[in-house]
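Hi,

Here is the structure I promised to pass on to you.

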Amino acid sequence: MLSRVADSLYWMSRYLERAEHTTRLLDVNFNLMLDESASGTDHRWQRMVTALGPAGTEWDGDPYKLSHDLTFDTANRTSVLSCIIAARENARHVREQISTEMWHRLNSLYLAVTRPEMHSDMHAEALLSGGQEPGEFLQSVMEAVHQFQGVTDSTMSHGEGWHFIQVGRFIERASATAMLLEAYHHDLWEHPERIPEGNEYLEYMGLLRSATAFEAYCKVYTADLTPERILEFLLLDENFPHSLRFSIESLVSALDAIQRESGKSRTENLTRLAGRLQASLRYSSVEEILRGNVVDYLQGILSECRDIHCAIYELYIDYSIQTALAG
């Protein structure tokens, strides 16, 4: 596969996963505003900004302005609109590599979020004043991304290109989940001896819903919400699609398939990096992680994801002519 094709498929997938993650966090936090005091709301929105990483947006006390900036501000490269535009542009570059159904689904989402009335002064004023709830729009974006992922799996041949899409999706998901858990560390795991207050159960539910994990968690642990079990589920569960372990296992599986199909021979560094991260999640226990420094552990995962990204680029995308000739 040409490196430019692999690059476009990889980033198309990452950008859509990032857009879905941002809209989900916004939607969860708007819903939780109904159940908390003003001071609690302020802390929760600040934590959400932290969970999104260097998003180019700061919390100024107005959730509707923050929502508008994180959704429609094209000057912010990580806003939902910027991510969808970038995903569609990458898909356009490889239009012949993706199915017609995938293109139609992504193009429809692009047209929906870029239509003029979405960015009019009247629409912005309605969001800023709270006169228009953003939940319906956020839900429509999440559903469109889910539909695109479903259409991708059911209409695109599961060859090398499809595997690059999986790599982009799961490396982005793993990084987002690690940053989300790190943002909640001070409130949930920093002081394990502290007895939780009544409203802290809202925080537990908010974290699980931010990872689409509340129902799946309850099926495993019933409704017994504890910080230790939440960390164990979101880090180490092997069956839940948004857990770190599942994401890394899926990433490694896709990388192995790409290696087999591409015939690349110099994959030792990438295999080592991905295998080490996979093993650390497969053979760790939540007790061991909690006995150590949880933040250091999560930052280590983020660092290893960045190293894997660089290794993917060096091997498959941004390689030299000499490397290509050497196989």
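Helices here are DSSP runs of H or I with at least four residues, numbered from the N terminus. This is a predicted model, so to speak of local features we need pLDDT of at least 70, side-chain atom pairs count only at pLDDT 80 or more, and totals for chains, interfaces and linings use all residues. Residues are numbered from 1 along each chain as its sequence is written, and side-chain values use heavy atoms, with hydrogens and water left out.

Pocket first. A pocket is an open set of points on a 1 Å grid over the protein atoms alone, with protein on both sides within 12 Å along at least five of seven lines; lining residues have an atom within 4 Å of a point. A volume is the space filled by probe spheres set on the points, which are joined across faces, edges and corners. The largest pocket holds about 600 Å³ of space. Of its 23 lining residues, the closest to the centre are Arg14, Arg18, Pro54, Glu172 and Met179. Helix 1, helix 8 and helix 15 (294-317) each supply at least two residues of this lining, and the largest share, six residues, comes from helix 1.

Now the cavities, meaning sets of grid points where a 1.4 Å probe fits but cannot get out. Helix 1 (3-32) and helix 8 (160-188) each give at least two lining residues, with helix 8 providing the largest share, five residues.

What about the core? A nonpolar core is a set of buried Ala, Val, Leu, Ile, Met, Phe, Trp, Tyr and Cys residues joined through side-chain atoms within 4.5 Å. Buried means under 20% relative accessible area, exposed over 50% and partly exposed in between, with a 1.4 Å probe and protein chains only. The largest core has 100 residues, and Met12, Leu181, Leu207, Leu234, Leu235, Leu244 and Ile308 touch the most other members. Helix 8 supplies the largest share of this core, 13 residues. Leaving out residues up to four places away in sequence, Leu235 has contacts (heavy atoms within 4.5 Å) with Leu181, Leu244 and Tyr297, among others.

Lastly, the cysteines: the count of disulfides (pairs of cysteine sulfur atoms within 2.5 Å) is zero. Cys305 is buried, at 3% relative accessible area, whereas Cys310 is partly exposed, at 47%.

Best wishes
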